Amino acid sequence: MPEKFKFAFMPSGSCGGCEIAVVDIDEVILKVAELADIVYWPTALDFKDKDLEAIPDGGITVGFFNGAVRNDHDVHHAKLMRQKSQVLVAFGACAQMGGIPSLGNFWTTEDLAHRMYDTVPSVVNPEGTRPQLKYDVPEGELTLPRAMDRTYALDQVVNVDYYLPGCPPQPKWIIAAVEAVAKGELPPKGTVIAGTKAVCDECPRERTEEKQVTAFKRIHLVENDPKKCFLEQGIMCCGPATRDGCEAACIVAGQACRGCFGPTDNVNDMGAKLASAIASIVVADTRDEADRILSQLDDPAGYFYRFGLARSMLGVQRGELKGDK
Amino acid sequence: MTLLKKVLRQMGVNPERLRLEWVSASEAQLFAQTVRDFTEQIRKLGPLPKGVVDAAVAREEVHA
């Protein structure tokens, strides 16, 4: 029998959902264990940084990195994983595009800390205490990672070979990726391992080709017809710009698409594509009417870039419009 | 345009940088004036501050 593959799973700035997605492949995980040794997986076993550092360069066949790059410790992890892995996979929406954590890029790190430690209603902190990066205790010095000024996607920090999109990635695509490794049939570098069309192509809801929206409504405030296209009912849905492969899981469960698979191959910028898709379905006779309808969308940038603000083409500009959000 | 301006504002970009005008091919003077005005407006606003537009900018911070 040839030598076993070596896999590693690295969690970074993430919620842990991607780690659960790994075990969500059910009994297939036993086949993965037959195929490969898992040489680093701190969520499942007591691994430390030094265990990863001890692996020779290129000693990991495939490294799966989940989570965004938020602080300098994440940067260290990203670089280590790149150095030790022959193939590095950005696993999940955060590693692929910055994910939910990158919505923090709308503000500076100082703004976020001020909110978190001073103004959240449940916080009482009259002395303005903040976490310190270094603190001396009798047992020695304690340190914390430093949050950077922005959150980054993995490929903004190191080179990435493949992307497994989703929040979290779907079992069938994780299995597809592992099978591709097992058979030695890897797609061209840079491939996003998922569908190639838009979520609308997989969506079971009925749609007419003439979308005519005269009002936008928030999903929890109205009864929606479970058979009809969300957008046609004036409910924001990211389906038109989002890569398929999830079998429209959210929509089947009654929730409009939130865009976690990221843009399709022929979409450069998720927000720009959605802005154009949304604006084109609004029906209004006058500019004022169009303004009124579109002003019903409270937070378009947050919705369009919910999972990918770090990868937006524009980035968030700071300094031009101070305090004006 | 309304939507795009709103998104730009959220992204920290002055919506004054965006403008859409319809000018007929027979309205040469109006066309020239519109372009002159808009160019002047943009010049007054100056260049955008550096954002994370490409990986190179990101690397500056990450590897600092």
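This is a predicted model: local features need pLDDT of at least 70, side-chain atom pairs count only at pLDDT 80 or more; totals for chains, interfaces and linings use all residues.
Which residue forms a salt bridge with A:Asp161, and how far apart are the closest N and O atoms?

Residues are numbered from 1 along each chain as its sequence is written, chains are lettered from A and ligands numbered from 1 in the order in which they are written, and side-chain values use heavy atoms, with hydrogens and water left out.

Back to the opening question, then. The partner of A:Asp161 is A:Arg82, with the closest N and O atoms 3.2 Å apart. By salt bridge I mean a side-chain nitrogen of Lys or Arg within 4 Å of a carboxyl oxygen of Asp or Glu. This pair links distant parts of the chain: A:Arg82 is in helix α4 (residues 72–84) of chain A, A:Asp161 is in the loop between β8 (147–152) and β9 (162–164), and the two are 79 residues apart. Helices and strands here are DSSP runs, H or I of at least four residues for helices and E of at least two for strands, numbered from the N terminus. A:Asp161 is buried, at a relative accessible area of 6%. For that word, buried is under 20% relative accessible area, exposed is over 50%, and partly exposed is in between, using a 1.4 Å probe and protein chains only. A:Lys189 joins in as well, in a network of salt bridges with A:Arg82 and A:Asp161. Over all chains, the structure holds 15 salt bridges.

Now the cysteines. A disulfide is a covalent bond between the sulfur atoms of two cysteines. The rule here asks for a pair of cysteine sulfur atoms within 2.5 Å, and the count over all chains comes to zero. For A:Cys94, the nearest cysteine sulfur is that of A:Cys167, 6.1 Å away. A:Cys94 is buried, with a relative accessible area of 16%. A:Cys229 is in no disulfide either, and its nearest cysteine sulfur, from A:Cys200, is 6.5 Å away. A:Cys229 is also buried, at 11%.

Let's turn to chain B. What pattern does chain B follow along the sequence? It reads α-α-α, with three helices and zero strands. Of its 64 residues, 25% are buried. Taking a contact as heavy atoms within 4.5 Å, residues 24 or more positions apart account for 29% of the chain B contacts with a separation of 6 or more.

B:Glu21 pairs with B:Arg19, the closest N and O atoms being 3.2 Å apart. Both partners are partly exposed, B:Glu21 at 43% and B:Arg19 at 33%. In another, B:Arg43 meets B:Glu40 at 3.6 Å, N to O. These two are separated by about one helical turn, because they are three residues apart in helix α2 of chain B. B:Arg43 is exposed, with a relative accessible area of 60%, whereas B:Glu40 is partly exposed at 36%.
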